[in-house]
Amino acid sequence: MKLLFGTGNPAKLDVMRRGLDGMHLEILGLKDMDRAAPPVAEDGRTPLENARQKALAYYRFYGIPVFSCDSGLYFDEVPGEIQPGVHVRTVQGKYLSDEEMVAYYGGLASTYGDLTARYRNAICLVLDENHIMESMDESLASLPFLLTAKSHTRIRKEGFPLDSMSVQIRTGKYYYDLDEDALDEIALGDGFLEFFRRLELLDVVDEQGEPTGETIERTLAHSQGIWHRTAHVWLLRRKAVSCPCSPGESDSAGVEILLQKRSHTKDSFPGCYDISSAGHIPAGVDYVPSALRELKEELGVEAMARDLHDCGKRYIQYEEEFYGCSFVDRQVSKVFYMWLDREPEDFTLQAEEVEEVRWFDFQECLQLVEENRIPHCIMMEELRMIEAALSVT
């Protein structure tokens, strides 16, 4: 998935690319775009307000998903009126060059002694106008470091002038004497990585379900109608019966099927009965591992690949509207069933996904769904796939 990082600073762009390597993201910088965006006013009172201003402005200009970051610098030893905060480069209305920053902050360190400093960081990611993620959590903040009046003798890295006078407290080393991995860890800590791990990235697939090599975030896949993959697992059990099936009776007679009731907080079909366990397949993952993961996460069911019976694929296309937003679903779904005799109260439900589970007689379930006598988002075609698979087992 392509994400625009709203910065023209090549050093910051390089750090972000290295930090997010392996996350199925292609990070672009402003200089990679085909035209220059107009200047963005950064007049917010906090790093988060500035990050939001930049991300929204760049999204509205370029029309692609954008994230922007912003920082505030704070010292322990200086009075409030000269705390830089979000105005790290702007002093008394003047925008400072790298050399001017070193001179100004070196002067502060000479006046007050070595300064214990920390950055408060913020990030805002705009997927589209309806889907914005942002944070200024403490996990994004830097570790404390020292800002010293004595600058390092080496040439400064453009875009990071204060690194030439920043000293890591733990080692006593200038940032310029740390290796690249240590510097990247300082510039892009675990809080930033965790923020991006919250993205639900999916493989874009063709209409045969084969990955194209591109990825997309789940909410965008649904707002734009992009083909992606899901795995569906139906849990079945046999009811205790006093006599075998009568001649001509369906092989699904005496079988119960488990339906889950979707949480009322879901972005689609809240409060509706649905497949026992289903989920989107993360980028780089195949159908079976994803199906097993969803069983564990949603229902607390530990299973193995051999427990899943493959019923084939379904190709799903529909459009709905939820909470005033368009929902265009195009998915290639692999359908499985699995035998499991477990009472509803013995499942461990994922509260944010599943409200309850309930066993239904299979034949009764067919009628309830076909006649819409329960709130559901179940396709009859899929239940017929299960019925057909049972008839040949």
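This is a predicted model: local features need pLDDT of at least 70, side-chain atom pairs count only at pLDDT 80 or more; totals for chains, interfaces and linings use all residues.
**Notebook: strands, cores and charge pairs**

I began with S6 and strand S7 (residues 131–135), which run antiparallel and are joined by 5 bridges. Two strands count as paired here if DSSP finds at least two bridges between them. With 2 residues between them, S6 and S7 form a hairpin. Val126 stands opposite Ile132 in S7. My element names are DSSP runs numbered from the N terminus: helices are H or I with at least four residues, strands are E with at least two.

Residues are numbered from 1 along each chain as its sequence is written, and side-chain values use heavy atoms, with hydrogens and water left out.

**Around S1**

Next I looked up the partners of S1. S1 pairs with strand S2 (residues 26–29) in the parallel sense, over 4 bridges. Which residue of S2 is the bridge partner of Leu3? I found Ile27 there. Going from S1 through H1 to S2, the chain makes a right-handed β-α-β crossover; right-handed means that, with the strands pointing away from the viewer, the path from the first strand over the helix to the second runs clockwise. S1 also runs parallel to S3, joined by 2 bridges, and Leu4 stands opposite Val66 in S3.

**Cores**

I then turned to nonpolar cores, meaning sets of buried Ala, Val, Leu, Ile, Met, Phe, Trp, Tyr and Cys residues joined through side-chain atoms within 4.5 Å. Buried is under 20% relative accessible area, exposed is over 50%, and partly exposed lies in between (1.4 Å probe, protein chains only). The largest core has 30 residues, and Leu3, Met16, Leu25, Ile27, Phe67 and Phe196 touch the most other members. Elements giving two or more residues to this core include strand S1 (2–5), helix H1 (10–19), strand S3 (66–75) and helix H5 (190–197). H5 supplies the largest share, 4 residues.

I listed the contacts of Leu3 (heavy atoms within 4.5 Å). Leaving out residues up to four places away in sequence, Leu3 touches Leu25, Glu26, Ile27, Leu28, Pro65, Phe67, Leu125, Phe196 and Leu199. Apart from this core lies another, of 24 residues, with Val255, Val335, Cys365 and Ala389 among them.

**Salt bridges**

My search of the whole structure gave 30 salt bridges, each a side-chain nitrogen of Lys or Arg within 4 Å of a carboxyl oxygen of Asp or Glu.

Lys54 and Asp70 meet at 3.1 Å, N to O. Lys54 sits in helix H2 (residues 47–62) and Asp70 in strand S3, so this pair ties together parts 16 residues apart in sequence. Are these two buried or exposed? Both Lys54 and Asp70 are buried.

Asp34 and Arg35 form a salt bridge at 3.3 Å, N to O. Asp34 is exposed, because its relative accessibility is 68%, and Arg35 is partly exposed, at 39%.

Arg237 and Glu343 come to 2.9 Å, N to O. This pair links distant parts of the chain, 106 residues apart: Arg237 is in strand S12 (residues 228–238), and Glu343 is in the loop between strand S17 (325–339) and strand S18 (354–361). Arg237 is buried, at 11% relative accessible area, whereas Glu343 is partly exposed, at 36%. Through shared partners, salt bridges join Arg237, Glu256, Asp341 and Glu343 into one network.
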